[in-house]
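Subject: Structure handover

Hello,

Here is the structure for you to look over. My notes on what turned up follow below it.

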Amino acid sequence: MVLLPSCGRTAEKYYNHVAIDPDDSMEDIVWKAAHVVPSQRQLDWQRLELTAFVHFGLNTFAEKQWGNGSDNPELFNPTDFDAEQWVSVLRQAGFRSLLLTCKHHDGFCLWPSAYTDYDLTASPWKDGKGDVVKEVSEACRKYGLLFGVYLSPWDMHEQTYGTPEYNDFFVNQLTELLTQYGPIAEVWFDGACGEGPNGRKQEYDFDRWYKLIRKLQPQAMISIMGPDARWVGNERGIARKTEWSVVPNEKLDPAMIAENSQTELIMPPTRVTMDEDLGSREVISKARTLVWYPAETDVSIRPSWFYSSKDDGCTKSAEQLLNIYFTSVGRNSNLLLNIPPDKTGRFGADEVESLLGFAQLRKKTFWHDFLPEASSATIARSESDWGGIEWTWDKSVTFSIFMAQEDISQGQRVEEFTLEYMGEDGTWIEAASGTTIGYKRLLRFEPVTASRVRLVIKSARHTPVICGTGLF
Ligand code: FUL
């Protein structure tokens with residue numbers, strides 16, 4: 001871990017969320033922003049990097065992306081369902097967690113719910129006695145992956161949808177998932193809120209749902225329409241080049257923060273924003289509150305979320321997945337990669353090939369880190385206020401990727417950095433530059449051959465704490 005020169009303030013105080021006072025100066029706001037840190041569950045989640053999303057359900061068999069709750073449950077009949085195949089492939093591909101669509105917007109449940117008959121019990125699969133959630137959660141435990149649940153608030157089948165009773169129904173279903181399937185790592189709530197079977201829309205009781213999750217599975221992340229991770233803003237696998245985990249939340253009342261200063265605050269669902277700039281100095285200068293709210297990047301390995309035969313042959317290649325890795329994990333975000341099982345109930349051959357190829361490519365790309373072989377690594381002196389780190393080798397090395405990580409348990413601080421190398425004429429030449437680092441930042445550039453390289457922090461909100469670097 002390298003602690004670069006400090007900005008002078010010494011009394012460190014960290015928050016998961018902080019109120020901006022009307023008379024705070026810009027310097028105060030920047031200092032506060034630099035001291036907003038992840039909760040333990042956010043920190044643990046960030047370190048996972050790779051989570052698999054699995055869209056599977058009645059839609060798989062109806063070949064629909066958005067079934068409307070009227071498809072016959074008898075369609076659900078995988079011929080060769082094998083949860084262990086999914087999980088063993090994911091494990092070999094380096095995934096750490098799996099998130100299953102236990103109920104999508106069509107309302108069909110992949111577990112025998114006591115509160116509806118629109119579930120597996122009405123299907124011919126295993127004579128109506130099967131439980132996909134159970135088999136997948138057990139396979140995850142067997143292979144050492146975490147398990148999470150997607151439960152769609154929008155339910156186009158349930159008759160109570162659009163009335164206050166629906167919130168009780170939802171709590172009952174959520175309770176089933178949170179109590180019958182062991183530890184839950186993540187609960188994913190989609191933002192979609194359409195009409196139910198009676199043409200009514202539902203007012204979701206998020207507060208009640210969040211409290212239930214915190215009570216029954218306190219370690220679980222509540223993502224997207226939840227306080228712990230935000231949607232990155234697109235479904236293409238691309239996080240921002242400047243991806244701040246410290247962002248304003250316009251729904252948070254500063255008074256509420258004060259009241260909850262000693263306890264954990266449950267943040268109300270915030271407006272999902274697709275803005276390019278979520279956390280620059282300009283944005284935070286207008287904020288009333290700042291929270292740690294990291295980005296999760298969801299994208300599908302096939303064009304659609306659920307299996308559809310029209311997507312056959314269009315599976316993303318290992319190279320495309322590697323590019324997505326660079327634009328998601330490599331931009332301070334977790335990757336949530338969807339792999340939809342086909343009608344057999346298994347991952348198809350193309351998906352398996354891409355996933356395993358993706359793992360091979362990561363291994364090949366990152367196997368040789370030149371930094372540990374440097375003959376010296378020192379704090380670099382430069383014109384910048386914040387200095388940097390300089391590496392020297394006895395013989396020159398050729399590289400084209402740089403990786404940097406901040407110790408985010410102490411916040412996200414770096415605003416701008418460059419990677420430079422010493423040219424033959426003895427001057428420093430820029431190889432690549434970036435803005436935010438956060439949990440992890442990867443930069444790719446044209447190959448460079450040099451024997452002196454330095455990371456220069458050009459701008460930061462407070463003492464940068466760089467805890468990981470790599471040169472490949
Ligand atoms: C969207 C849903 O409407 C899609 O069907 C899919 O589940 C995706 C991950 O989220 O909002």
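**Ligand site**

Histidine 105 has a polar side-chain atom 2.8 Å from an oxygen atom of the ligand. That is a polar contact (a pair of N or O atoms within 3.5 Å; within protein, one must be able to donate a hydrogen and the other to accept it, and residues adjacent in sequence count only if both atoms are side-chain atoms). This is a predicted model: local features need pLDDT of at least 70, side-chain atom pairs count only at pLDDT 80 or more, and totals for chains, interfaces and linings use all residues. Residues are numbered from 1 along each chain as its sequence is written, and side-chain values use heavy atoms, with hydrogens and water left out.

For tryptophan 66, an N or O atom of the side chain is 3.1 Å from a ligand oxygen. For tyrosine 150, a polar side-chain atom lies 3.2 Å from one. Alone, the ligand exposes 290 Å², and the protein buries 88% of that. Those areas come from the Shrake-Rupley method with a 1.4 Å probe; for residues, only the protein chains shown count as cover.

Which residues are around the ligand? They are Phe53, His55, Trp66, His104, His105, Tyr150, Trp188, Asp190, Glu235, Asp298 and Trp305. Here a residue is near a molecule or strand if one of its heavy atoms lies within 4 Å of it. By class, five are nonpolar, three polar and three charged. The classes are: Ala, Val, Leu, Ile, Met, Phe, Trp, Tyr, Cys and Pro nonpolar; Asp, Glu, Lys and Arg charged; the others, Gly among them, polar.

**Sheets**

Helices (H or I, at least four residues) and strands (E, at least two) are DSSP runs, numbered from the N terminus. Two strands pair if DSSP finds at least two bridges between them.

Eight strands form an open sheet. Their order is E7-E6-E5-E4-E3-E12-E11-E8, with parallel pairing. E7 and E8 are the edge strands, each pairing on one side only. Within this sheet, E3 and E4 (residues 97-103) pair in the parallel sense over four bridges. Alanine 52 stands opposite leucine 98 in E4.

E13 (residues 376-380) runs antiparallel to E14 (residues 388-406), with five bridges joining them. Isoleucine 379 stands opposite isoleucine 389 in E14. E14 also pairs with E17, in the antiparallel sense, over 12 bridges. There, glycine 388 has valine 456 in E17 as its bridge partner. Five bridges join E14 to E18 (residues 465-471), again antiparallel. Alanine 404 is partnered by threonine 469 in E18.

**Salt bridges**

A salt bridge here is a side-chain nitrogen of Lys or Arg within 4 Å of a carboxyl oxygen of Asp or Glu. How many salt bridges does this rule give? The count is 26.

Arginine 41 and aspartate 228 form one of them, with the closest N and O atoms 3.9 Å apart. The pair links distant parts of the chain, 187 residues apart. Arginine 41 is in helix H2 (residues 40-46), and aspartate 228 is in the loop between strands E7 (221-224) and E8 (230-231). Arginine 41 and aspartate 228 are buried. Buried means under 20% relative accessible area, exposed over 50%, and partly exposed in between (1.4 Å probe, protein chains only).

Glutamate 49 forms a salt bridge with lysine 440, the closest N and O atoms being 2.9 Å apart. Glutamate 49 sits in the loop between H2 and E3 (50-54), and lysine 440 in the loop between E16 (428-434) and E17 (441-460). The two are 391 residues apart. Both glutamate 49 and lysine 440 are buried.

Lysine 142 bridges to glutamate 84 at 3.1 Å between the closest N and O atoms. Lysine 142 lies in H5 (residues 132-143) and glutamate 84 in H4 (residues 83-92), so the pair ties together parts 58 residues apart in sequence. Lysine 142 is exposed at 57% relative accessible area. Glutamate 84 is partly exposed at 31%.

A network of salt bridges also links Asp21, Asp24 and Lys32.

**Backbone**

Glutamate 63 has phi near 50°, a positive value in a residue other than glycine. Glutamate 63 is in the loop between H3 (58-62) and H4. Asparagine 332 has phi near 60°, also positive. Asparagine 332 is buried, with a relative accessible area of 2%.

Best wishes
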